[in-house]
Amino acid sequence: MKRHRNVKIVATLGPASDDYEMIRALHEAGADVFRLNMSHGDHAEIKRRHEIIRKVEKDLDSPIAILADLQGPKLRVGVFKNGEEELVEGAAFRLDLDDAEGDATRVKLPHKEIFDALEPGAHLLVNDGKIKLRVKDCGATFADCEVVVGGTISNRKGVNVPDVTLPLAALSPKDRKDLEFVCDLGVDWLALSFVQRPADVEEARELAKGRAAILSKIEKPNAVKVFDEILKVSDGVMVARGDLGVELPVQNVPPIQKQLVRKCRAAAKPVIVATQMLESMIESPMPTRAEVSDVATAIYEGADAIMLSAESAAGSYPIEAVTTMSNVAAEVESDPTYTEIIEASRKAGGVTVADGIVSAAREIAEKTDVKAICCFSQSGTTALLVSRERPRVPIIALTNHIETARRLCLSWGTNCALSGPVDRFKDAVIAAVRAARAQDLATEEDMIVVTAGVPFNTPGSTNILRVAPCAEDLIYAAASE
């Protein structure tokens, strides 16, 4: 489906977007990727939504990416005798492994791993950071804390531990079951929560066995510290600003967002900016001006995709939220300043032949009247390299693997199309010009750039670039000379 923008939109499905008509309407409004949140909904619900997405894909003949977002380990306090208590600044409060119901002086924290990692001076954040505790003394079964920021604490509120790397795997037993389930279903991307180290990503990749690409959610301070290493072993990244904003001072999040987006682009790996982008549209048909500016900022930074969470999953205006995002993206990308920023932030690519080919394709497109860059890509690698260049003309990613086409739906500027297998470069050129015309990106009077690799059907072999006319008779005439 042709989009009049390059940045992609990820829409989370939920109770507000749970049937064929709504999911189709969301795709037609601009959703390129659908997120299945494994924190909500049982396997039967997830399976049904997956089937609906694939039916929409088939009915509209438009590749759609499905991203399954694994829950990750959830750290929560226990329960209180009175349901809740008020913690006062300066008061003492203990966290321990005692099964007794909590009161104003203590509550159970059923995570021995936290006590093993804590040291005096460390901080614990409860209920999305609304309550802040500082550890004064701790042992294998307890942590005696001082209340730094007070408030109401109640049953099973979440706990964040920003100061230490916890000896917890990113994949809980539930996540392992969910991972196997969604990989068997046939999702395209796995979003991995609670990533703290590269080994977390490598474990998920080993379990996925190539059935889905691995996207690391950056939501822990320790993940930011070792981001370069995490990026190397990831296929993509999500900047999960909600948890980052809890565990880090909120003023730290915007510069971190910019740094991560640029590093992902330099590595030719897609990056999603997520969380609270149009939060007010859960209940309002119109966003706030600040939210629109937030979405625009992520686009100006060069993010591959921007994401809706509760806005599309549980809000009253899911279609309006997607439409608003799409309209903001189209307006930003038509701004000459956007082009200046994107091109000024472009870094020199790698040193492979494929890097040189895609860089040359972008330069030709900028200096001539070429209408599109068409790349044949078996694994998607070449298309990702072209996307990294952020060319001024559309990108057509041609592949005979539907799995590759779906995964590329997350990448900036890629218009994915399926082609039959090709054995000769002339056939590749013919397929490219037909795809360009079919997507209304070029007419018979126009020219496009075609990149491919010989021998064909060999991943990573891009070694040919041709400027081709879109009139097929001219292609055949040149081939016969």
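## The loop that holds Thr275

In this predicted model, Thr275 sits in the loop between strand S15 (271-274) and helix H10 (289-300), where helices (H or I, at least four residues) and strands (E, at least two) are DSSP runs numbered from the N terminus. The phi of Thr275 is near 90°, a positive value in a residue other than glycine. Most residues other than glycine have a negative phi. With a relative accessible area of 22%, Thr275 counts as partly exposed, the class between buried (under 20% relative accessible area) and exposed (over 50%), as found with a 1.4 Å probe on protein chains only.

Asn127 also has a positive phi, of about 60°, although it is not a glycine. Asn127 belongs to the loop between strand S7 (123-126) and strand S8 (131-138), and at a relative accessible area of 17% Asn127 is buried.

## How the model is read

Residues are numbered from 1 along each chain as its sequence is written. Because the model is predicted, local features need pLDDT of at least 70 and side-chain atom pairs count only at pLDDT 80 or more, while totals for chains, interfaces and linings use all residues, and side-chain values use heavy atoms, with hydrogens and water left out.

## Domains and nonpolar cores

The domain assignment of the protein chain gives domain 1 (8-73 + 170-335), domain 2 (84-160) and domain 3 (353-478), with bounds that come from an automatic or database domain assignment. The C-alpha centres of domain 1 and domain 3 lie 27 Å apart, and 26 residues of domain 1 are in contact with 17 residues of domain 3, contact meaning heavy atoms within 4.5 Å.

A nonpolar core is a set of buried Ala, Val, Leu, Ile, Met, Phe, Trp, Tyr and Cys residues joined through side-chain atoms within 4.5 Å. The largest nonpolar core has 104 residues, and those with the most contacts inside it are Phe34, Leu190, Ile272, Ile299 and Ile306. Helix H12 supplies the largest share of this core, six residues. Domain 1 and domain 3 both give residues to this core, so it lies between them. A second, separate core of 29 residues includes Val77, Leu95, Ala117 and Val147. Leaving out residues up to four places away in sequence, Ile306 touches a set of residues that includes Val7, Ile9, Val10, Ile272, Ile299 and Met325.

## Helix H15 and Ser387

Seven of the nine residues of H15 are buried, so this helix is largely enclosed by the rest of the structure; the buried ones are Thr382, Ala383, Leu385, Val386, Ser387, Arg388 and Glu389. Just after H15, Arg390 takes a positive phi of about 50°.

Within helix H15 (residues 381-389), Ser387 is buried with a relative accessible area of 2%. Apart from its neighbours within four places in sequence, Ser387 is in contact with Asp304, Ile395, Ser411, Trp412 and Thr414.

## The second largest cavity

A cavity is, on a 1 Å grid over the protein atoms alone, a set of points where a 1.4 Å probe fits but cannot get out, whereas a pocket is an open set with protein on both sides within 12 Å along at least five of seven lines, and lining residues have an atom within 4 Å of a point. By this rule there are three cavities of 30 Å³ or more. The second largest cavity has a volume of about 60 Å³, a volume being the space filled by probe spheres set on the points, which are joined across faces, edges and corners.

Among the residues that line the second largest cavity are Arg265, Lys269, Asp304, Ser387, Arg390 and Ser411. H15 gives the largest share of this lining, three residues, and domain 1 and domain 3 each give at least three. By class, the lining has three nonpolar, two polar and five charged residues, where Ala, Val, Leu, Ile, Met, Phe, Trp, Tyr, Cys and Pro count as nonpolar, Asp, Glu, Lys and Arg as charged, and the others, Gly among them, as polar.

## The second largest pocket

The second largest pocket has a volume of about 930 Å³. Its lining consists of 42 residues, of which Arg3, Gly413, Thr414, Asn415 and Gln439 lie nearest its centre. Strand S19 gives the most to the lining of this pocket, with five residues, and the lining divides into 19 nonpolar, 10 polar and 13 charged residues.
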